[in-house]
Amino acid sequence: MIIHQHQTLACFYNHIFFQPGVPSINLPDVSEYITKVEISPMPEDDATPLTAQHQLQLLKERLEQQTQRTRAAVVQLMLLRDQLAAEQAARCEAQVRTHQLLVHNKELLEHISALVSHLQEREKGSSRPINAQQLTLIPQVSGNFDIK
C-alpha cells in the first residue's frame, strides 16, 4: 500500500510539474491587473458638465468594477487549474492501477500455464485421465499467488 501511494504521488508530481508540452500557470497578483486597466476619458458633454470630483468618482467606480471582473476571472482560472490537476492525478492513479492489474494478470497466466504443464505431465505418466477431485489436490508449482 505504501509503494502504491508513493507511485501515485510520484506520478502526480511528474505529471503536474514535468509534463512536456503542458504550460505551467503562474498567476500574477490582482494588483498587476489593476495597474494595467485602461481608463478611457469620459466624454465631455456641454449640456451636463461634470466636476473633476464627479469624474474621479465615476473613474473609481469603473476601476472597482473592472477589479471585480478581474478577480472573478482569476478565481475561475484557479478553479480550472485545480480541476486540471485533479484530473491529471486521477488519470495517473488509473495508469498505476492498470499497470498493477497487468502485472497480476501476467502472473496468473504464468500460474495457469504451469498448472496445465503439470497436468499434462501427470496424464503422460498415468494411463487414466485426471478427474476434478484430483485437480484440487495438485500442488501450486510456481509460488504463492495473492488473489484479490
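1. Let's start with confidence, since this is a predicted model. Among the elements of the protein, helix α3 has the highest mean pLDDT, at 95, while helix α1, covering residues 2-17, has the lowest, at 51. Over residues 16-23 the pLDDT is below 50, and that stretch has six contacts in the model beyond near neighbours in sequence. Where pLDDT is low, the predicted coordinates should not be read in detail.

2. For the protein as a whole, the average pLDDT is 75. A score of at least 70 is reached by 51% of the residues, so please keep an eye on which part you are looking at.

3. You will find four helices and zero strands, and reading along the sequence gives the pattern α-α-α-α.

4. Which residues of α3 are buried? Going along the helix, they are Thr67, Thr70, Val74, Gln88, Ala89, Cys92, Val96, His104, His111, Ala114 and His118. As background, an α-helix has 3.6 residues a turn, so residues three or four places apart point the same way.

5. The surface of the model has a nonpolar patch formed by Leu109, Ile112 and Val116. Together these three residues have about 280 Å² of accessible area. Why does Ile112 count as partly exposed? Its relative accessibility is 47%, and partly exposed covers the range between the 20% cut-off for buried and the 50% cut-off for exposed.

6. Some totals complete the picture. Of the 148 residues in the protein, 11% are buried. The protein exposes about 12,400 Å², with carbon and sulfur atoms supplying 58% of that area. Among contacts between residues at least 6 apart in sequence, 73% join residues at least 24 apart.

Methods
Residues numbered from 1 in each chain as written. Predicted model: local features only at pLDDT ≥ 70, side-chain atom pairs only at ≥ 80, totals over all residues. Heavy atoms only, no water. Patch = residues over 30% accessible without salt bridge, like charges linked within 9 Å, V, L, I, M, F, W, Y side chains within 5 Å. Areas by Shrake-Rupley, 256 points an atom, 1.4 Å probe, with all protein chains shown as cover. Salt bridge = Lys/Arg side-chain N within 4 Å of Asp/Glu carboxyl O. Buried < 20%, exposed > 50% of the residue type's maximum accessible area, 1.4 Å probe, protein only. pLDDT = per-residue confidence, 0-100. Helix = DSSP H or I, 4+ residues; strand = E, 2+ residues; numbered from the N terminus. Contact = heavy atoms within 4.5 Å.
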